[in-house]
Amino acid sequence: MQRSLIKNLKENEISEIRGMISKVRDTKYMVFIMIKDASSFIQVSIDKNEQKELVEEALKITTGSIVAFNGVMKYSEYVKNGGKEFIPSKIEIISLADNIPLEENANPDTKLDYRWLDLRTDKNEYTFRIQSAFVKYLREYLYQEDFTEIHTPKLLGTASESGSEVFEVKYFDRLAYLAQSPQFYKQMAIASGLERVFEVAPAFRAENSNTNRHCTEFTSFDIEFAYIDSFKDVMHLEQEMLKYALKKIKEEYGEIIKERYGIEVVVPDGDFPIIKLDDLLQELNKRYGYVIPEDAIGDMNAEAEKLAYKYSMEVYNSEFIFVTDFNKEKRAFYHMRENEVPQGYDLLWRGMEITTGAQREHRYEELSKQAKEKGLDKDVEFYLQFFKYGCPPHGGFAIGVDRMTLLLLGLDHIREAQFLFRGPNRLNP
């Protein structure tokens, strides 16, 4: 018999359902078994007096087992969850589970050790359904705007950002590097004439950091597009894309997010506020007595980002805020500059940076000069070639999918937003 999804069951129609067992309850007169598949869940009810031939097999079933039941769905006023129950005529245990070694209140490391079991909870399942939908809607917006999805290599001959936070790997008789971002290849696509490109792919950062927002491998949503007049065009596209995706997520999952995660999906109305970094820091000092540490001057740190959210809500009633005019020492060499000021921004959401975006320097001579200024001209020689034969003005940004999920759902740690977390001390499973 062909399998039926639980959500598609019709009353009194003979069906076969297959799924994972989440609970078995043995009472004096009945055996109740909760089964779930990707579509829904249902209670299987076995009467010990009327279905004696099934009881022995039913009592072998353990939590986590994969089981097939043949029978019919019926409505009962005594059953919760919409009054549906499944009355079986046949039981087949497909995969019998051992006792599950993971308790609900296990510590985070134990949960990660048994991540495939941890993922069986409804909340974790929804986390990845919602994350998938969010990426779908970001993609959807870009396809409507004539973007082309590309796929760039993750094994590189030169470090993609030429920083220290790069993983080296043995590549036959020489060294290769795991891509920190597809930045250079996004720009190569622009120079090739593709004009509007994006990619959703893994990125790697050798950051020995153990905060709730950092990981060594993450999913990056990268965008680059040509023929812009200023970095404000980049800001506008990101703003509209996020508004579109959040509106769709609220329509599809807003109630579930509120019920299961206790957080409201807020769809921004109008433009995100924009403020220069120096002006923001002055406001944070005046309002909250905050002074940026010396090592972060010209940039922001986690504390400044949190206070910026407080400021943005108080002044603009906005969860998002663009911050511009960072110090050139704190920005990548490929950011275009005007009067020595990088033409880019950070976008903060709910007190955390989710994007660094910019207009890129497309003029070969200027780009070569800026690379040389940072001592990178030899390291990025291959990249500089992309701009030697003509390249339109362009810009772009990247969003970390995992960090966006963390903020969207109000999770405590980025490990909860990743299917499998990778950190300085975590390479398994």
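The model is a predicted one. Its largest nonpolar core has 48 residues, and a search of the whole structure finds 0 disulfides.

**Nonpolar cores**
- Within the largest nonpolar core, which has 48 residues, those with the most contacts inside it are Phe221, Ile223, Leu242 and Ile249.
- Helix H6, spanning residues 231–261, gives the most to this core, contributing 13 residues.
- Apart from that core lies another, of 20 residues, which includes Ile6, Ile35, Val44 and Ala58.
- In soluble globular proteins, nonpolar side chains tend to be buried together.

**Surroundings of Ile223**
- When residues up to four places away in sequence are not counted, Ile223 touches Leu142, Phe147, Lys186, Val197, Phe198, Leu237, Met241, Gly395, Gly396 and Phe397.

**An open sheet of 3 strands**
- The strands of this open sheet follow the order S7-S9-S8, with antiparallel pairing.
- Strand S7 (155–156) and strand S8 (168–171) stand at the edges and have a single partner strand each, so one side of each is left without a neighbour in the sheet.
- S7 pairs with strand S9 (residues 174–178) in the antiparallel sense over 2 bridges, and the bridge partner of Leu155 in S9 is Leu178.

**Cysteines**
- Cys215 counts as buried because its relative accessibility is 7%, under the 20% cut-off.
- Cys391, at 12% relative accessibility, likewise counts as buried.
- The search for disulfides, which took in the whole structure, finds 0.

Methods: Residues numbered from 1 in each chain as written. Predicted model: local features only at pLDDT ≥ 70, side-chain atom pairs only at ≥ 80, totals over all residues. Heavy atoms only, no water. Disulfide = S-S within 2.5 Å. Buried < 20%, exposed > 50% of the residue type's maximum accessible area, 1.4 Å probe, protein only. Pairing = 2+ DSSP bridges. Helix = DSSP H or I, 4+ residues; strand = E, 2+ residues; numbered from the N terminus. Core = buried A, V, L, I, M, F, W, Y, C linked by side-chain atoms within 4.5 Å. Contact = heavy atoms within 4.5 Å.
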